[in-house]
Amino acid sequence: MHVSFDKCVDVKVVRLFVAAPENSPNTDGIHVTATQNIQISRCVIKTGDDCISIVSGSRNVKATDITCGPGHGISIGSLGAGNSGAQVSDVVVNRAILTGTSNGVRIKTWQGGSGYARNIQFQNIAMNNVTNPIIIDQNYCDRDEPCHEQASAVRVSNVMYKNIKGTSASKVAINLECSKSVRCHEIVMQDVSLASQRPEYVEASCVSVDLTRRGIVTPLCSPN
């Protein structure tokens, strides 16, 4: 990781430029863990991993005017690894441009975890040729052997996606894969429009999620 804030309070990060090769592993740009009241603004991040990663114990995180790509996008998590507890709340990502990233805005949790990721807003975001522009993955498994299904999960709730537009490099532009036992609650999409980078249709996949739509939202999830 290039820059990591661990157990910090009242942080301002302004006009930071981070660059690493696209194929460089685990090169997160800014990593936020167990940190409260942090503002990240007007930063340009080009890495081989998450542009910004926000993990357990973090609260009141604001990221504004972020330029990201290449990289893995802006991520909350991963959370709950090794059946651990996790708490992330009050996160705002406002005004961001993501280009050519392997994910857009992502929440990722392991099965078997506990705790919560809540009160999260992703708004005013432009996606340019982004794979997985909007993704919640509660079956995250970053290891060689398969992860067994477990009943507990980090609870994801009160997440707003507002004014997110652009192009997807993958067929599934919106992928909300929530836990079968701990559904995602109070997920809202408002004025979201994602089209294919290529001349084909994109899809939305939503599993175990309570979703509210406002304004025009494309593509649409089927009821579940």
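Reader: Leaving aside neighbours within four places in sequence, which residues is Val3 in contact with?
Author: This is a predicted model, where local features need pLDDT of at least 70, side-chain atom pairs count only at pLDDT 80 or more, and totals for chains, interfaces and linings use all residues. Residues are numbered from 1 along each chain as its sequence is written, and side-chain values use heavy atoms, with hydrogens and water left out. Contact means heavy atoms within 4.5 Å. With neighbours within four places set aside, Val3 touches Leu16, Gly29, Ile30 and His31.

Reader: Is Val3 buried, exposed or partly exposed, and what is its relative accessible area?
Author: Buried means under 20% relative accessible area, exposed over 50%, and partly exposed in between, with a 1.4 Å probe and protein chains only. Val3 is partly exposed because its relative accessible area is 23%.

Reader: Which strand holds Val3?
Author: Strands (E, at least two residues) are DSSP runs, numbered from the N terminus. The run of residues 3–6 includes Val3, and this is strand E1.

Reader: Which residue in E10 is the bridge partner of Ile74?
Author: E8 and E10 pair in the parallel sense over 4 bridges. Within E10, Ile74 has as its bridge partner Val105.

Reader: What volume does the largest pocket have, and which strands give two or more residues to its lining?
Author: On a 1 Å grid over the protein atoms alone, a pocket is an open set of points where a 1.4 Å probe fits, with protein on both sides within 12 Å along at least five of seven lines; lining residues have an atom within 4 Å of a point. A volume is the space filled by probe spheres set on the points. The largest pocket holds about 240 Å³. Two or more lining residues come from each of strand E8 (74–79) and strand E10 (105–109).

Reader: Which residues lie nearest the centre of the largest pocket?
Author: Its lining has 16 residues. Nearest the centre of the largest pocket are Asp28, Asp49, Asp50, Lys108 and Tyr140.

Reader: What is the volume of the second largest pocket?
Author: The second largest pocket is lined by 14 residues, with Gln111, Asn139, Glu149, Ser179 and Lys180 nearest its centre. Its volume is about 160 Å³.

Notes
Two strands pair if DSSP finds at least two bridges between them.
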